[in-house]
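Here are my notes on the model, point by point. Please keep the structure open while you read.

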Amino acid sequence: MSQQCNHDCGSCNKDCGERSLLAPLNKNSTVKKVIGVVSGKGGVGKSSITSLLAVLKQREGYKVGVLDGDITGPSIARVFGVEGQQLYQSNNEIIPAKSYYETKIMSTNLLLSSPEDPVVWRGPILAGMVKQFWSDVKWGEVDYMFVDMPPGTGDVPLTVFQSLPLDGIVIVTSPQELVSMIVAKAVNMARSMNVPIIGIVENMSYVSCPDCGKKIFVFGKSHLEDVAEKYDLEVLGHLPLDSHLTKLSDRGMIEEFESEWLEEFAEKVKNI
């Protein structure tokens, strides 16, 4: 179904507006579900949530891919331990990198001579790169494709909404006073593009005392339930600041991470 239609586009021969903007999937690939992970602003841990969602689906036995659409601030390759991995081409198709647990990864950092090189590109080139990651990469068989989208509501996020056949998005936020306004931007953009919102995740919600386990709300009381009710969103979880997760991510070993709160999150997102 088109992102801006109210009928089954596959049953007609009409040009259905936004449907004509969808980038073609690589001819040697099959992707069953495409889930975008978005945030109204940067710095809320969107890439971490994208990675955790991919890890959880992989643990359920699904074939998973991650398309790093945050072209100027890519971090997915490092988190999954494939930074520096050489990419190969076959018949003008790019073969994605694979993590230790077979998660397929495509990120700008895999194309740079050094991960510290800046990506100094203008908007149209950035948007074109997202399309290339979808069309020119031989993803093969993927059950769940998670797209780490750039923050905000600018040109590149718009390209992702228009160019990729998103089955839904997950909104990531943090417990700050401006959360309602920031979430509203992401919600309104998704709804204007007729993309379903799967739910909302509050990241950096609290820290757990290492001695007694008590939750300490560093950024104050969460207002997520109020915001979720206002915009009719499902709350998928309140996730903590976790130093162990940070350490494993820095080492490229996020697939090894386990915790009690992750198990609770896994139950919430099992039906995505």
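1. Is strand β8 (residues 168–173) largely enclosed or left open, and how many of its residues are buried? 6 of the 6 residues of β8 are buried, so the rest of the structure largely encloses this strand. Buried means under 20% relative accessible area, exposed means over 50%, and partly exposed lies in between (1.4 Å probe, protein chains only). Strands (E, at least two residues) and helices (H or I, at least four) are DSSP runs, numbered from the N terminus.

2. A word on the basis. This is a predicted model, in which local features need pLDDT of at least 70, side-chain atom pairs count only at pLDDT 80 or more, and totals for chains, interfaces and linings use all residues. Residues are numbered from 1 along each chain as its sequence is written, and side-chain values use heavy atoms, with hydrogens and water left out.

3. Overall make-up. The protein chain has 8 helices and 12 strands. Of its 272 residues, 52% count as buried. The chain exposes about 13,500 Å², and carbon and sulfur atoms supply 48% of that area. Accessible areas come from the Shrake-Rupley method with a 1.4 Å probe; for residues, only the protein chains shown count as cover. Among contacts between residues at least 6 apart in sequence, 77% join residues at least 24 apart. Contact means heavy atoms within 4.5 Å.

4. Back to β8 and its neighbours. G168, V170 and V172 point one way from the strand. I169, I171 and T173 point the other way, and all of these residues are buried. Strand β1 (residues 30–38) runs parallel to β8 and is joined to it by 4 bridges. Strand β9 (residues 197–202) also runs parallel to β8, with 5 bridges between them. Two strands pair if DSSP finds at least two bridges between them. Which β8 residue is the bridge partner of V37? The partner is V170. For V172, the bridge partner in β9 is V201.

5. The core. The largest nonpolar core has 80 residues. Such a core is a set of buried Ala, Val, Leu, Ile, Met, Phe, Trp, Tyr and Cys residues joined through side-chain atoms within 4.5 Å. L53, F80, M145, F161 and F265 have the most contacts inside the largest core. Helix α5 (residues 179–192) gives the most to this core, with 7 residues. L53 touches V37, F146, V170, F265, V269 and I272, leaving aside residues up to four places away in sequence. Look at V37 and V170 in that list: they are also the bridge partners from point 4.

6. Salt bridges. A search of the whole structure finds 8. The criterion is a side-chain nitrogen of Lys or Arg within 4 Å of a carboxyl oxygen of Asp or Glu. K46 pairs with D148, with the closest N and O atoms 2.6 Å apart. K46 lies in helix α1 (residues 46–59) and D148 in strand β7 (residues 141–148), so the pair ties together parts that are 102 residues apart in sequence. Both K46 and D148 are buried.

7. Two further pairs. E60 and K57 meet at 3.4 Å, N to O. E60 is partly exposed, at 31% relative accessible area, whereas K57 is buried at 2%. E141 and K63 meet at 3.3 Å, N to O. E141 lies in β7 and K63 in the loop between α1 and β2 (64–68), so this pair ties together parts 78 residues apart in sequence. E141 is exposed at 54%, and K63 is partly exposed at 46%. Salt bridges that share partners also join K46, D70 and D148 into one network.

8. Backbone points to check. Most residues other than glycine have a negative phi. N92 has a positive phi, near 65 degrees. N92 sits in the loop between β3 (88–90) and β4 (93–95) and is exposed, at 73% relative accessibility. M204 has a positive phi of about 55 degrees and is not a glycine. M204 sits in the loop between β9 and β10 (207–208) and is buried, at 18% relative accessibility.
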